[in-house]
Amino acid sequence: WYQRRVHGIRKTCLGESDPIYVSTLNNIGLVFKNKGEYVQALNFFLRCEVFRKTYLGQSNPEYASTLNSIGNVYSILGEYKKALDFYLRCIEIRKTCLGELHPEYASTLNNIGSVYKNIGEYGKALEYYLQCEAIRKSSLGDSHPDYASTLSNIGSVYSELKEFGKALEYYLRCEGILSTSLGESHPTYASTLNNLGNVYSHLGEYHKALENFTRCEAILKTNLGDKHPECASTLNNIGNIYSQLGESTKALDCYLRCEAIIKTSLGESHPEYVSALNSISGVYNKQKSYDKAREFNNIAL
């Protein structure tokens, strides 16, 4: 409400060509993006882009920043081709204006890598992530959280490629940096523990996977509360490990807790809720509690 009021006043007093008015459009877009209202955010970013293109020119760093913001929203919305188009336009401007060693240039490389990863072009994703990693190491240092984030992204590509040994190497490097730079109670650190758990699970090292998932769940519970969807996801992972270890009672407990959280936080029509019901049914089948299994299968239908 406040940003919209400021927007109206500046539009009237300054006019739509004034840089302060255009910055207000950008700021309102950021507010909507942070609130998860992505269509509204996109509307303001696109209006900002038109004005900055007209009054600043297509070689201006602020114009590039707007292109990057638009790309971010399209990426969140799953419109990856549109996101890629804006990121590629952004990176050419940043390359010229800021140079190839600038952190913002590296950030755009990272964003392009993420798009390629999301559309399954893992070779290209890895190429961009590795370029980003080299720049961030040089410009930010190898103890910076953004550098760690790039290591994690590289690890995620190797994980998609089923190269779990390489994925583990990058995730462990990331974990070491975040442990020092952000601390072991930070949600980003928890995400890295979750990534490590997934890799250890794929490698068949279930006890190490369980250790990382359990630590992750404790951190998320403290930071986000025990009703958050991310806690449910981690509980599901823990349940999967207990299932692999043949501890069906513990697996069932995790799946039931997961199901309850998803039902409340995401609703019964969400795909993850159906997945949780199927996991519960699977355990009951293993325990030969067929009536219970059928009950949860019926709910999932």
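**Salt bridges up close**

Glutamate 79 is partly exposed, with a relative accessible area of 33% (buried means under 20%, exposed over 50%, partly exposed in between, using a 1.4 Å probe and protein chains only). Its side chain meets that of lysine 82 in a salt bridge, 3.2 Å from N to O; the term stands for a side-chain nitrogen of Lys or Arg within 4 Å of a carboxyl oxygen of Asp or Glu. Lysine 82 is partly exposed too, at 43%.

A word on the model: it is predicted, so local features need pLDDT of at least 70 and side-chain atom pairs count only at pLDDT 80 or more, while totals for chains, interfaces and linings use all residues. Residues are numbered from 1 along each chain as its sequence is written, and side-chain values use heavy atoms, leaving out hydrogens and water.

Now look at glutamate 104 and arginine 94, whose side chains form a salt bridge at 3.4 Å, N to O. Glutamate 104 lies in helix H6 (residues 103–118) and arginine 94 in helix H5 (residues 80–97), so this pair ties together parts ten residues apart in sequence. Helices (H or I, at least four residues) are DSSP runs, numbered from the N terminus. Arginine 94 is buried at 5%, whereas glutamate 104 is partly exposed at 36%.

Next comes arginine 52, whose salt bridge with glutamate 62 has its closest N and O atoms 3.4 Å apart. Here arginine 52 sits in helix H3 (residues 38–55) and glutamate 62 in helix H4 (residues 61–76), so parts ten residues apart in sequence are tied together. Arginine 52 counts as buried at 6%, and glutamate 62 is partly exposed at 42%.

Definitions and conventions
Helices (H or I, at least four residues) and strands (E, at least two) are DSSP runs, numbered from the N terminus.
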